Amino acid sequence: MSTDAGPPGPMTDERPMGVLADPNEGRALHATLNGIVYARHPVRTHLVTATDDAAAVVARYVGQLPEDARLVAVSERMVAITQGRSHPMDTIRAGWLAKLLVRYVTRPGYGIGLGTPQTMQLAIDEVGAPRILLAAALSAVTKPFGVHGIFYRVAGRQAAAIDGPTSYTIPPYNQSATLGPKDPDGAARTLAAAVGGPVAVIDANDAGCAVLGASPGVDRRFVQALFADNPLGQAGEQTPICLVREVAWPDGQSLPPEPRRRLTPP
């Protein structure tokens, strides 16, 4: 995908901070799984930076969970940013290997991924050159047969979680690359303690959702299914947190549809 493909530019709405009653633009608030309706409330925050503490941000805007809350989902990018793992593109020095390998990477269709020398360099630094070379070699062998996505599967979740800059991302992160969070399970446990309930750290986009970290008791497959349609969006919504509640749906009314991903991964 080109740098400018995807959602519109950063939003300039004046919505309040905190748990929102309405969905983000173009997204659905309610979804049904296994006959149960869930409300996926976006939680709007200030612009989170490396000076913030993720647990303090979640506690500030969510508070203690209400009785009907199922869980809180937190963007992996927000967690990574607070860990100091977001880097301006002009500070990343790509080596010769990154510049070579980036030629053979298919951009995933919902972001940059490892489609720039800088993000490829971050992947090499994160998981090691041997693994990235293996991923590139297997991708080169399988791609002529119509098999796509091998590179990201072999490179691993930490490489796949790297977010590159896009024009529709809120500044200054539209000029930055962000690694996946360190110890996402540990981060989820810390966040869970802050709100007194289960927390999942998710990597969601229009091609689906991956759960990078979860506090004890969280059903990862449930979270992946519930966020398959990326209800928080991926532009300038400034809603890196989601409060999930079970909803008593009125008798006789059709249930909301189950979540479906918007794009098919390459």
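## The largest pocket

On a 1 Å grid over the protein atoms alone, a pocket is an open set of points where a 1.4 Å probe fits, with protein on both sides within 12 Å along at least five of seven lines, and its lining residues have an atom within 4 Å of a point. In this predicted model, 50 residues line the largest pocket, and Glu76, Asp163, Asp203, Ala204 and Asn205 lie nearest its centre. Two or more lining residues come from each of helix H2 (76-82), helix H6 (150-155), helix H7 (157-160), strand S7 (199-205) and strand S8 (208-214). Helices (H or I, at least four residues) and strands (E, at least two) are DSSP runs, numbered from the N terminus.

The lining comprises 25 nonpolar, 18 polar and 7 charged residues. Here Ala, Val, Leu, Ile, Met, Phe, Trp, Tyr, Cys and Pro count as nonpolar, Asp, Glu, Lys and Arg as charged, and the others, Gly among them, as polar.

## Trp96 and Thr169

Trp96 belongs to helix H3 (residues 96-101). With a relative accessible area of 67%, Trp96 is exposed, whereas Thr169 is buried at 6%; buried means under 20%, exposed over 50%, and partly exposed in between (1.4 Å probe, protein chains only).

Thr169 is found in the loop between H7 and strand S6 (176-178). Thr169 and Gln234 are 65 residues apart in sequence, and their C-alpha atoms are 7.2 Å apart in space.

## Basis of the values

Residues are numbered from 1 along each chain as its sequence is written. Local features need pLDDT of at least 70 and side-chain atom pairs 80 or more, while totals for chains, interfaces and linings use all residues; side-chain values use heavy atoms, without hydrogens and water.
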